[in-house]
Each structure stands twice: as structure tokens, then as C-alpha cells.
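Subject: Structure for you to look at, with notes

Dear colleague,

Here is the structure I promised to hand over. Please open it alongside this message, as the notes below are meant to be read with it in view.

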Amino acid sequence: MKKYPYTEKKDTRSGFGAGLSVLGKTNPNVVALCADLTTSLKMDDFKKDHPERFFQIGIAEANMIGIAAGMTIGGKIPFTGTFANFSTGRVYDQIRQSVAYSDKNVKICASHAGLTLGEDGATHQILEDIGLMKMLPGMTVINPCDFNQTKAATIAIAEHHGPVYLRFGRPAVPNFTPADQKFEIGQAVMLNEGTDVTIFATGHLVWKAIEAGEQLAAQGINAEIINIHTIKPLDINAVIASAKKTRCVVTAEEHQMNGGLGDSIAQVLSRELPTPIEMVAVNDSFGESATPDQLMTKYGLDAINIVAAAIKVIARK
Amino acid sequence: MASITELEKICTQVRRDILRMVHAVNSGHPGASLGCTEFFVSLYFETMKHNSKNFTMDGIGEDLFFLSNGHISPVFYSVLARSGYFPVKELATFRKLNSRLQGHPTTHEGLPGVRIASGSLGQGLSVAIGAAAAKKLNKDNGIIYTLCGDGELQEGQVWEAAMYAAGKKVDNIISTIDFNGQQIDGSTNDVLPMGDLKAKWEAFGWDVLSMNGNNIAEVIETLKIAKTHTGKGKPVMILMNTIMGNGVDFMMYTHKWHGQAPNDEQLAKALSQNVETLGDY
């Protein structure tokens, strides 16, 4: 099992803030919009350095999405920032009509996704956002795994023409991917080559998959671990190639099982290469208030759950 | 500047286009399309600085128009075609398979003149504000025009946008409400009374004008005045009084023709009241 040493834990939302700050200096067309959550989204530096390109919208997310769509007319590249729940479910029709159907170059950047938002509870812990966004024609859906990758993804999406949903989170997690990485939209990242089982993970579950891989290695199981940072367009070739090699698959995500990464991979494999799959995800349930770690444990999103799923799926080969 | 007589001739042709388009597919929204004919003709043939021959999405240096109540697409399409954005004969494809003229306007099929999809109500003013902000960033003096329906004001997003535009001094926008007092289920007063709209918009901080939207001379004059009100720290709103179905006697003063196409006999009667001036498509 390949080692992934890291020196610090950092939140992925700060990776977004850092990437946005870079874009502020390098791309004069980038504008940022926020619905009263500037500090939570780590947009303070952009706001301070480029006040003329920062738009405080107030608590009016529908208006924010519409304004962002309008700003693309004239060549701006708007990055909207609010919590994932208010970035998607609250404004689905605005995104559908004014952004996706209208082919607008808007980057919907969403923090505090999933259970790890923690104590605020289920009203804010959206677990359906990947599904909502990936169903929209033409929408790119990205869920990076750590600070460095979120920063790289933020910079990369400014160069991609078309609507993007960029999902990240609140808690500090191991920052283990290279600081100088180039983020390739739609290209899966091989983290560990293995032969016995493939673990496809996204977002915060990527680190849990690495921990699971170490535990599996201790039991003599050689897991292939692949970071699917882009859920749409899915790296179909990488999915099929790995499933062909290991002949069983575990998916892992901080999202509902319905509509998430597991769904997308199951769709590809059932069509192209029927393969046993186990899914580590939230199973048709809302979250609740607690610490992020407590919630990940209660809802079955820990390394131990990935290990159990791997053992189970290997037996199904 | 075109004469009022010339513009009125265009209006009767646009009315014919609207009626024939909705009749051909037995669907669409003639009522408010007819009611807004003078407004669209004024905008595209007199008021706006725009380039219909070389349409670009960004419209740098141009005035831009955003239609929020997308269901009145027949009048929008007719005026876009008649002012040169696309061939007039393409009006015959309205609402048919593989057409660029979808039931509600969209950018998705690449129809020149359309910059945003609309139909799901309440979104156009926000989009217009965004386009206005982009104009300011680009130091582009173009004006943003927009239209929404009066029933559409029941959508909450309109008031989010209203608050923002005034609070952030978006003063390069001239918005218009088609104040015809009708919506699908009946009069706006029966469906959901909205009270004093002038007072509401003024309370939100807008510079509010009003006009008779079916008097083309008055529309042109009011749009001219509205432009002199831009750049003064306030967004401008025009409450445009119109008669739904205007120009066809049996379609006026009722909500019946909001989303109802005429039959053959009704079409013949309606066309007889609007002279063919520029040639039917």
C-alpha cells in the first residue's frame, strides 16, 4: 500500500478560497458572488483584494444565481459561494433554466456539503446535491478530496467553459495531494494500484479509503484506490479498466446512495461490465446534529465501513 | 427615426405574425403578446441601440433586452425576425419539432437575439441585473431593458432582485411590468391582489414611471424619458398599462386568450382587423 504522508490537516473550503484568490490575480474576468457567507466560504481575500469584482448579494440565493447567469453576458466568469444546500436544492429551478439550459459559464461553488457540516444539523447537511446537479444536462460535477486538490480544481474550472458544480466541505482533513498538481477535469486519479478490489471514492471519503486500504493490506488484501474527483463527466475508461482487473468494486461518498457516485459507477458497470458493487453512502436518511466524526461513524462513512464493504464484495466475486 | 405611422404598420404585421403562429400549432400565448406589441416594436425599431445582423451573446456596446415572462415568445420572435435577427420565414417553425423557436425562448438552439432561457417565471430581472453589472465592469454604456408580467410579481425572486437593484444602485437598467391585470386563472385581483404596485416599487427604492403601453407615441416618449433617468443611482421601473389581446376586439378585456389559440374562423376575423403591411411569413 502506497504511503500518503501529510504534514497538516486543512479544510477544503480554504482550498477554494486560496484558488479563488489566485484567480483574482490571474484572470480579470473572474467575479465572485456571495450570499452572506463570505467568511464561511473563505472568500475574504478575494473580497479585500478585488472589491470591484466581489458582489455581496445578501440572503437571496435565487437572485444570486440569476445575477451570475446575467454576468456571463459580457464575458465575466462568476463564482457563486454559499453552503451546498443553498447552492443546489434551494435554487434548483434557477440553475436549471438560467444556468444549465441557458448554457451559462457559471461556477457554483458549494461549501459545508454533507454530514461533516456537523452541529447545525440536517436542515443544512445536504446529501442530495451531487444527484441534483449531475442530472442537469451539461453540468460538470466536481468533489475534490483535500485542500490542495480543491485549490487546483477551483483554478481549473475557470478555464473550462460551461456550468460547473464544485462541492467542498467544512472540516479540516489530511492535506495529502501534491501542492503543484494540475487538476484534470474528468480524469480519475490512481492512488494505489491493487488487484483484489477497487475502491472508488470521492471528496472526504478519499482519505477514508486510503485508511481502509492500509487496514485491508494488513489483512493481506490488495486494494486498488481511485479518487473520482469528477463525478460528471465520469472517467468511464478508468472505472471499466479497474473493474476488469479487480472484478469487484466499493464506492464511497458523503452523499445519499440514491443519486451519488455509486449510482454513476453502477450505471456504467451494469451496462459495460456487470460487476459486484457495495456502496458506502448514506442510506435514504437525513442527518442530525453532532460532531463531524460522530456523524461519519453513526451513518457508516468510516474506514471500517469501507473495509467491511470490501470484504463483503470480494466474497461476491 | 421611424415615423409613428411606419411603426404602427409594423405593429399590425407583428399582430398578424402572433395570431398566425399560435393558430398554426393551436398553442401558445397570444393575449399578452398582442398587448405588448407596441412596446416590442418601440424597443427594437426605435429605442435600443442593437446589432441584429451580427448577433453576439456578449452584446458589447449594445443595449440588451431580457424577456422574463417567456410565454409571450410570439411577439418576441416576430419582432426579432422583423428587425433582422433571423429570417422571417422561420416564424413558421414556432413550437414545431427541431425548431429554434421553442415554446418559451431559449439560447439552447442558438436563436439569434435570445440571451437567456425564460418561461419559469421570476428569473429575468435577476439576469438583467447581472448583465447590467457586467456592463458596468466593462465600462460599457449600454442600457439593459427587461420586461416581466404583472402576475409574475407573485414570484418571490422578483422582490429579491428589486431589493438588490435599488440597494446596490443598479442604475443602468430600465425594467418594465406588463400591467394588464390578468393571469391564467383570472384577474390578478381575484388570484392574488398585489396592492399598489407603484408604491411597492417606490418603497423598494426604484424610480417609477408609468405609460399606456398600447399608445406607441407614448411608449417611445416614455422610454426616452426613462433613459434620462438612468445613471442617477436608482434602477428605473416603468409600469406599462396594457390591454391583453389589444388589437383584436374579441380578445380584449379578458384573460381567456392568455394561453388559447384562435380557431380558423376566429383567426380570419382577427386578421381582418390587422392589415398585412410587410408581407406575411
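Chain A is divided into two domains, domain 1 covering residues 9-174 and domain 2 covering residues 189-315. Please bear in mind throughout that this is a predicted model. The centres of domain 1 and domain 2 of chain A, taken over C-alpha atoms, are separated by 25 Å, and where the two domains meet, 27 residues of domain 1 are in contact with 31 residues of domain 2. On the domain 1 side of that contact, at least two residues each are supplied by helix H6 (129-134), strand E6 (140-142), helix H7 (147-159) and strand E8 (172-174) of chain A. By class, this side has 13 nonpolar, ten polar and four charged residues.

Chain A also holds an open sheet of seven strands, in the order E3-E2-E4-E5-E7-E6-E12, with mixed pairing. Its edge strands, each of which pairs on one side only, are strand E3 (54-56) and strand E12 (230-232) of chain A, and the twist from one strand to the next averages 20°. Within the sheet, strand E2 (residues 30-34) and strand E4 (residues 77-83) of chain A run parallel and are joined by five bridges; if you want a place to begin looking at that pair, Val30(A) stands opposite Ile77(A) in E4(A).

The largest nonpolar core has 180 residues, and those that touch the most other members are Leu166(A), Ile199(A), Ala209(A), Val250(A), Ile306(A), Ala310(A) and Ile129(B). H5(B) gives the most to this core, with eight residues. Because domain 1 (9-174) and domain 2 (189-315) of chain A both give residues to the core, it lies between them. As for Ile199(A), and leaving out residues up to four places away in sequence, the residues it touches include Ala209(A), Val250(A), Ile306(A) and Ala310(A).

Turning to the contact between the chains, 29 residues come from chain B and 23 residues from chain A. On the side of chain B that touches chain A, the elements giving two or more residues are helix H5 (124-137) and helix H6 (156-167) of chain B, and the largest share, ten residues, comes from H5(B). The residues of this side divide into 14 nonpolar, eleven polar and four charged.

H4(B) is followed by Gly84(B), whose phi is positive, near 105°, and which lies in the loop between H4 and H5 of chain B. Leaving aside neighbours within four places in sequence, Gly84(B) is in contact with Ser52(B) and Lys53(B). Gly84(B) and Ala270(B), in turn, are 186 residues apart in sequence and 26 Å apart in space, C-alpha to C-alpha.

With best wishes

Note on methods
Residues are numbered from 1 along each chain as its sequence is written. Chains are lettered from A and ligands numbered from 1 in the order in which they are written. This is a predicted model: local features need pLDDT of at least 70, side-chain atom pairs count only at pLDDT 80 or more; totals for chains, interfaces and linings use all residues. Helices (H or I, at least four residues) and strands (E, at least two) are DSSP runs, numbered from the N terminus. Two residues are in contact if their C-beta atoms, placed from the backbone, lie within 7 Å. Ala, Val, Leu, Ile, Met, Phe, Trp, Tyr, Cys and Pro count as nonpolar, Asp, Glu, Lys and Arg as charged, and the others, Gly among them, as polar. Domain bounds come from an automatic or database domain assignment. Two strands pair if DSSP finds at least two bridges between them. Axes are lines fitted to C-alpha atoms, for helices over the stretch in contact, and angles run from 0 to 180 degrees between N-to-C directions. A nonpolar core is a set of buried Ala, Val, Leu, Ile, Met, Phe, Trp, Tyr and Cys residues joined through C-beta atoms within 7 Å. A residue is buried if 20 or more other C-beta atoms lie within 10 Å of its own, exposed if 12 or fewer, and partly exposed in between; C-beta atoms are placed from the backbone.
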